[in-house]
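Let's take a walk through a protein model together.

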Amino acid sequence: MALDAKQYRKSVLVPLEKDKDRMAVLQQAIRDLQGTDGATALARLDMAELFAVEPSMAGAELEKHLGSLEAAFNSPIVKNKRSAQLLKKLLELMRQADVAVTDPAFWSGMAKARASAMRTRLDGFARAVAQEHPLKVVLSDQVTELASSTGLTGVARSDLVDALSAHGVRITDDFEVPRVRVPPAVRVVTDFPEFRTLVDVVTRPEQHEGIRVVDELSRGEPARVLGPDDVARAKELLQRQEARVEEGARQAAQNGLAALAECASPAELHALALCSLAEAVEGLLRRGLPRVTVHEKLCEWGVDHTDAARLVTKLSASTKVLSPNDVADRLAVGALGEARRLLDSLPGPECEESVERERLAKRVEVAERKKNQSVARYETAVRSGDYAAAAAALREALAVDTRDEELRRQLQGLPPPPPANLSLRADGQALVVSWSADGEGTARYAVVRTADGVPANPQDGELLANGFTGTLFRDERPPVGTRVCYSVFATRDGALYSAPATDTCEVLPAPFDLGASSGSSRVSLSWGVPTEALGAIVTQTAPDGSQRTHRPTTPGRMTVTGLTLGTRYRFSVAAVYLTEGGQRRESATVSTYATPRGSIQAVEDLRIESTPEAHRASWPTVTGYSVELWALPVSARVESGTRLTQAGLSGMRGRRLTLRPGGESGGRTTCEFDSLPEVNLLVPVTVDGDGGLVGTAQITGSAPQVRTPTVERLGDELRLSWEWPEGDHLIEVGWKAGGQQTTRRVSRTVYNDGGGVRIPDADSVSDITLATVVRTGDREWASASLAVALSGPTPKVRYSLEVRRSWMGGKGTVRVTAQSPEYRGRIPVLTVLKEAKFMPGGASDGTVMDRRELDFTDQSSLSFELKLGKVATPFWVRLFVEPGSGARLQDPPTSQMRG
């Protein structure tokens, strides 16, 4: 059978090249073959596979096959492969050593030798694994890795399992430790001897053996899986048997069960239990304890023998034995208790480590002494009732040992500090008590009211609120006219309270529901006061600051007369009380403004004028009321005589204009305001409170003007053109003709159809103006007019043509006769020839044949003749004035211009 070089490269050389372990075995065999071992070194290799030798191959066929291999080893495709070169060298060495490579017996002997050698190596491998793993448990993923590291590549897994089993080593499935957070309460509970693991907390008072934790959390035979129901039963049982459990252990168990109750399923409880036990195993391994010792410890805790071995085997591969550096790291992060435990668990120091160990021991002792001193200050402060000092001492201790959960629980059990920044504020007839919360935000409060002195506790006075979580309390019915004390206590558990924060005040509620109504010269006031008030005092303040005091004789109301129409007054009302000492006291005042005035009227005659830099508005004066002008979009709809609030006007996208006073004259008020950037609907509003009465609106503002207006004379007409402004507007054209004013409104459509606006009798036209007209609904407004410059009379010249073309040679001539009956002067003209079907439209639309001035200074008619040269029919001749001359030529009939 011929060698398939491609298949050999694919199935033997390439895989061998990638397998570093097999390559190493091959290299070692080559070295041994060259040494004292001779051909026996080849027993470690699968020779038949490496050289693709089939059992059926005879001598001649073997010789041919090996020759093909040698040729393949030298081929350009594989000659640079390390695997090919090693096999080529091995074959050469065997030939040099007179190995009978062409004898089939050699290859069959190699297979038997390899099988025997493999059995010996497997047995040695299994014995080494058993010695290295005294727990006699190996994870399945570790088996292949261990075998490869010893050169046992390509060995069937069943052979590895059989060899290991013969030495008592069990292969178990690998597993992953869940990445879940173990609550501190669960960690603490195992510090008590009553609970070996958290399983003991769930199953107490029983302590089971053979607890399985790796694949599931279960106990007993048959296996019973533990879940949330077991946690709930354990909590209930612990409550019934409180007296049977030592206080510290009972509290730890309660906290641990509360944390376990957060697990919603058996799977979550299993993950937490496995992670908790894994942390404990890692801690033991870090202390340098032998794996056998850790395994025995787990079995003592009730863990199943196999699961304990699996845990230790799994975690020992990744757990680092701790050193003095780890103790220093724990001190650096404030884990004093953990640093002490690690220091005590470290193995005996080497000589070079003894100095470092002593230095670390001193650091730990100093930190412990500082912590103990803080705890002693805490205990002294608690005995004296100084809870603020006790909390400060505990915080100092926690700064040294940040992971001491017991100290943290003691701190949480202290009452919070007294509330800070206590203040009292009257709000109508009520009184508002406010304060600042503590930094942790866990406090609740009790509010107490007393009439004589500071209360000793929340029950020593009238308890207004207890268990209050806010920082602002409202006393709706405080004692009126009496000095009272308000105290606020803070607590966390409802049992221990802080010292009170206190403040006192005299409650004198101000009047309420103050209202005012105006007449032409009077103001009527009304108000309310608490029943405890004796009465009220009213203070009237004029715009100049002068004041007048009134003492009403009728409770809750009075009328002030003799006031000036249109003047704004302030009225302040204070309630009067009689205190316990018999003194008359006044409350804070409440105030309102009122203006005597007549009946309100809407502005019906609003007039708007435009000035160069502003607008001027005038309207009939409304006595006693002010008038505002609001600019609204032109599309807004407002009805005269309706009432609108400022919010309503703003909601219509309106804005109040800033008016500059212009005085009053003839019963009209005049104001000016800045020019509007666009056209608006101007609405007059007679102000009354928050809004007012809407008057008749007018359209005004600034509309876009036309651009580049131009006037051209076309015979006896003027043609007016411009660039249109943006928007759908009309343009109002105005002019005078014969002393009479004429106007005309033009739409864009009419303008486009007519090519502009034509005005007849051009010589009599003057004062041309353009204005933009804005229309919306039934309203319209025209902008200020724009004057259009109009030049004097344009010189007019008529001309006639005699165009001829000779039959022989096709040469053309033209005779031009020009007449100017009125104009005397010079007019520069161009004679243009165009050989085409259409006449030239301008001086550049053809060939300029002649350029001259027509001199009408002393004559009204002149003629000249031009030779055009050879021309093709049809052709045209036309005259044009020079640009900028201001004159106008009147063309003859087209029949004269065509040749």
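This is a predicted model: local features need pLDDT of at least 70, side-chain atom pairs count only at pLDDT 80 or more; totals for chains, interfaces and linings use all residues.

Residues are numbered from 1 along each chain as its sequence is written, and side-chain values use heavy atoms, with hydrogens and water left out.

Let's start inside. A nonpolar core here is a set of buried Ala, Val, Leu, Ile, Met, Phe, Trp, Tyr and Cys residues joined through side-chain atoms within 4.5 Å. Buried means under 20% relative accessible area, exposed means over 50%, and partly exposed is in between, using a 1.4 Å probe and protein chains only. The largest such core has 45 residues, and V213, L217, L260, L298 and L311 touch the most other members. Several helices give two or more residues to this core, including helix 11 (228-240), helix 12 (247-260) and helix 15. Helix 13 gives the most, with 10 residues. There's also a second, separate core of 34 residues, with V12, L13, F51 and V101 among them.

Now zoom in on helix 15 (residues 305-316). Helices (H or I, at least four residues) and strands (E, at least two) are DSSP runs, numbered from the N terminus. The expected span of a helix is 1.5 Å times one less than its number of residues. For the 12 residues of helix 15 that gives 16 Å, and the end C-alpha atoms are 16 Å apart, which agrees. Since 9 of those 12 residues are buried, helix 15 is largely enclosed by the rest of the structure. Among the buried ones are D307, R310 and L311. Leaving aside neighbours within four places in sequence, L311 is in contact (heavy atoms within 4.5 Å) with F175, V213, V214, L274, L277, V281 and L298. At the start of the helix, a side-chain oxygen of D304 reaches to within 3.1 Å of the backbone nitrogen of T306.

Next, find an open sheet of 4 strands in the order 8-7-10-11, with antiparallel pairing. Two strands pair if DSSP finds at least two bridges between them. Strand 8 (462-468) and strand 11 (501-506) are the edge strands, each pairing on one side only. Strand 10 (residues 483-491) and strand 11 are joined over 6 bridges in the antiparallel sense. One of the residues to look for is V484, whose bridge partner in strand 11 is C505.

Finally, let's look at the backbone. Which peptide bond joins T873 and P874, cis or trans? That bond is cis, with omega about -5°, and P874 lies in the loop between strand 41 (861-870) and strand 42 (876-881). The bond from E221 to P222 is cis too, with omega near -5°, and P222 is found in the loop between strand 3 (218-219) and strand 4 (224-225).

Two residues other than glycine have a positive phi: R653, near 65°, and D767, about 50°. R653 is found in the loop between helix 21 (646-651) and strand 23 (655-656), and at 65% relative accessibility R653 counts as exposed. D767 is in strand 34 (residues 765-776), and at 47% D767 counts as partly exposed.

Key. A polar contact is a pair of N or O atoms within 3.5 Å; within protein, one must be able to donate a hydrogen and the other to accept it, and residues adjacent in sequence count only if both atoms are side-chain atoms.
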